[in-house]
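User: I have a structure to study and some questions about it. Can we take them one by one?

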Amino acid sequence: MIFLKLSKCRIFLNLSATTEKFVLHWGEMGARWGVSRTVSQIHALLYLSERALNAEEISETLSVARSNVSTSLKELQGWGLVKIMHVMGDRRDHFVALQDITDLFRVIVEERKRREIDPTLAMLRECVDEFDPKAEAFARQKIKTTLDFLELLNRWHDEMKGMPVPLLVSLLRMGGKVQKFLKRAA
């Protein structure tokens, strides 16, 4: 739970031990995924916050430079994970994170696909087209196999992203049952 404290007429957040643990871990996970630790910690803080927070509150709560908070918030907005919200009587921007975990997951997957998979698919297609058919047959085949697999994943992604959330959750809950069903069907 996030508690508010007043200190010298400034509001900052005092995080519970559990919330702090989550925020720190989210930062570590972000770093492992190639996202700045600070960006990830700010996202975690906003995700767990019951209200919109301004940059100063975020900066003071996480003990992060205000400029770093601004840069991180812009990155989170670029990913579509955080939005600006205005609060009556306060000219500052306040920020909220997507709160639905399925929306959050979909946005992250879509952005990673757009930033990483789509350019890789384009490059692989170019490579397959550029190879001299008489030379480097082994390398061409490896690249073609990689392209085929990524295109299959891409098609699967496109089909899954339009799936209604309850159906997607049901599919995820099936887990290994899908494998058993497919073995019987084969």
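Analyst: We start with a definition. A nonpolar core is a set of buried Ala, Val, Leu, Ile, Met, Phe, Trp, Tyr and Cys residues joined through side-chain atoms within 4.5 Å. Keep in mind that this is a predicted model.

User: Which residues touch the most other members of the largest nonpolar core?

Analyst: In general, nonpolar side chains tend to be buried together in soluble globular proteins. Here the largest nonpolar core has 25 residues. The ones that touch the most other members are Ile42, Leu46, Ile58 and Leu73.

User: Which element supplies the largest share of this core?

Analyst: Strand S2 (10–15), H2, H3, H4 and strand S5 (90–97) each give at least two residues. The largest share is 6 residues, and the element supplying it is H2.

User: Which residues does Leu73 touch, leaving out those up to four places away in sequence?

Analyst: Leu73 is in H4, on the side of the contact that meets H2. Contact here means heavy atoms within 4.5 Å. By that cut-off, Leu73 touches Ile42, Leu46, Ala55, Ile58, Val82 and Phe95.

User: Are H2 and H4 roughly parallel or roughly perpendicular to each other?

Analyst: Helix H2 (residues 37–48) and H4 have axes 9 Å apart. They pack at an angle of about 75°. Angles of 65 to 115 degrees count as roughly perpendicular. H2 and H4 are therefore roughly perpendicular.

User: How many residues of the contact of H2 with H4 are nonpolar?

Analyst: From H2 come Thr38, Val39, Ile42, His43 and Leu46. H4 brings Asn68, Val69, Ser72, Leu73, Glu75 and Leu76. Of the residues in this contact, 4 are polar, 1 is charged and the nonpolar ones number 6.

User: Is Asn154 buried or exposed?

Analyst: Asn154 sits in helix H6 (residues 137–161). Beyond its neighbours within four places in sequence, Asn154 contacts Lys113, Asp118 and Leu121. Its relative accessibility is 15%. The cut-off for buried is under 20%, so Asn154 counts as buried.

User: Is Ser63 buried or exposed?

Analyst: Ser63 lies in the loop between helix H3 (55–62) and helix H4 (66–79). Its phi is near 55°, a positive value in a residue other than glycine. The relative accessible area of Ser63 is 68%. Over 50% counts as exposed, so Ser63 is exposed.

User: What is the relative accessible area of Leu171?

Analyst: Leu171 belongs to helix H7 (residues 165–174). Not counting residues up to four places away in sequence, Leu171 touches Met160, Met163 and Val178. Leu171 is partly exposed, with a relative accessible area of 32%.

Definitions and conventions:
Residues are numbered from 1 along each chain as its sequence is written. This is a predicted model: local features need pLDDT of at least 70, side-chain atom pairs count only at pLDDT 80 or more; totals for chains, interfaces and linings use all residues. Side-chain values use heavy atoms; hydrogens and water are left out. Helices (H or I, at least four residues) and strands (E, at least two) are DSSP runs, numbered from the N terminus. Buried means under 20% relative accessible area, exposed over 50%, partly exposed in between (1.4 Å probe, protein chains only). Axes are lines fitted to C-alpha atoms, for helices over the stretch in contact, and angles run from 0 to 180 degrees between N-to-C directions. Angles under 35 degrees count as roughly parallel, over 145 as roughly antiparallel, 65 to 115 as roughly perpendicular and the rest as oblique. Ala, Val, Leu, Ile, Met, Phe, Trp, Tyr, Cys and Pro count as nonpolar, Asp, Glu, Lys and Arg as charged, and the others, Gly among them, as polar.
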